[in-house]
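Open your viewer and get ready to select. We will go from the whole chain down to a single residue.

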Amino acid sequence: MKRKNTRTARSETWRPAAWQTQSLLLAYPDEEFEQRLALAGRVAATLPDPVARPLLRFTAHAEQTAPADLAATYVATFDHRKRCCLYLTYYAHGDTRKRGIGLLRLKQTYAAAGWRLGDDELPDHLAVVLEFAATDPATGAHLLTEHRAGLELLRLALNDDGSPWAHVLDSVSATLPTLAGDDREAVMRLAAQGPPEEQVGLDPYAAPVFLPDPVVGGPR
């Protein structure tokens, strides 16, 4: 029997707390967001510095920003900027028929783990994927790694825009293995080509069709 590396296992016990915190901060900033900020600050203090530091930068910015302004910026960033999409299957499949299959696979993965989505939640929203990863770290880490190219492209786009949410994506990236080889090439290819298109033609990075209205206490 292959023995598990207990040192590695112990060193990664902080990841569920990090993913849950990142999930809270990537949800739409509704009237409960102030409470989530306070919780995020307390949890961040317990995390490794590369993960905690960007989270604290975001919370510091959010605490100094009027709630209405933060909400407006969220909408402008994630609903109206082509490369800043929080729905991960969009990067892999664009608005093609294959995206529906990707969404179904995610739902099946969640169901197999005994995790049920709300009726108003889509399974590929990054906040949802991170929340799931916090409850099932092994499977969640696999999902995040599977969508690593899209995650990195989103992170780079947010940093290019000077978005405060870039700090949260920097924190997410710090929980995952360093990009190398095929992963790095996949990011470069996606950046150059954009998501896949149907034969009828869609503009690269066109706004995704699956954009539900803001939900109190949940992601957009």
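**Before you start.** This is a predicted model: local features need pLDDT of at least 70, side-chain atom pairs count only at pLDDT 80 or more, and totals for chains, interfaces and linings use all residues. Residues are numbered from 1 along each chain as its sequence is written, and side-chain values use heavy atoms, with hydrogens and water left out.

**Stop 1: the whole chain.** Select the protein chain and colour it by secondary structure. Helices (H or I, at least four residues) and strands (E, at least two) are DSSP runs, numbered from the N terminus. Now show the surface. The chain exposes about 11600 Å², and carbon and sulfur atoms supply 52% of that. The area comes from the Shrake-Rupley method with a 1.4 Å probe, and for residues only the protein chains shown count as cover. Of the 220 residues, 46% are buried. Buried means under 20% relative accessible area, exposed over 50%, and partly exposed in between (1.4 Å probe, protein chains only).

**Stop 2: helix 3 and helix 4.** Select residues 33-44 for helix 3 and residues 49-63 for helix 4. Their axes come within 10 Å and cross at roughly 150°. Axes are lines fitted to C-alpha atoms, for helices over the stretch in contact, and angles run from 0 to 180 degrees between N-to-C directions. That makes helix 3 roughly antiparallel to helix 4. Angles under 35 degrees count as roughly parallel, over 145 as roughly antiparallel, 65 to 115 as roughly perpendicular and the rest as oblique. Show side chains next. F33, L37, A40, G41 and A44 in helix 3 meet residues of helix 4, including A52, L55 and F58. Contact means heavy atoms within 4.5 Å.

Stop 3: Select residues 15-26. Which way does helix 2 run beside helix 4, roughly parallel or roughly antiparallel? The axes of helix 2 and helix 4 come within 12 Å and cross at roughly 25°. That makes helix 2 roughly parallel to helix 4. Here A18, T21, Q22 and L25 in helix 2 meet V51, L55, F58 and T59 in helix 4.

**Stop 4: T59.** Zoom in on T59, which sits in helix 4. Is T59 buried or exposed? T59 counts as buried because its relative accessibility is 5%. Leaving aside neighbours within four places in sequence, T59 is in contact with L25, L37 and A40. Show those side chains to finish.
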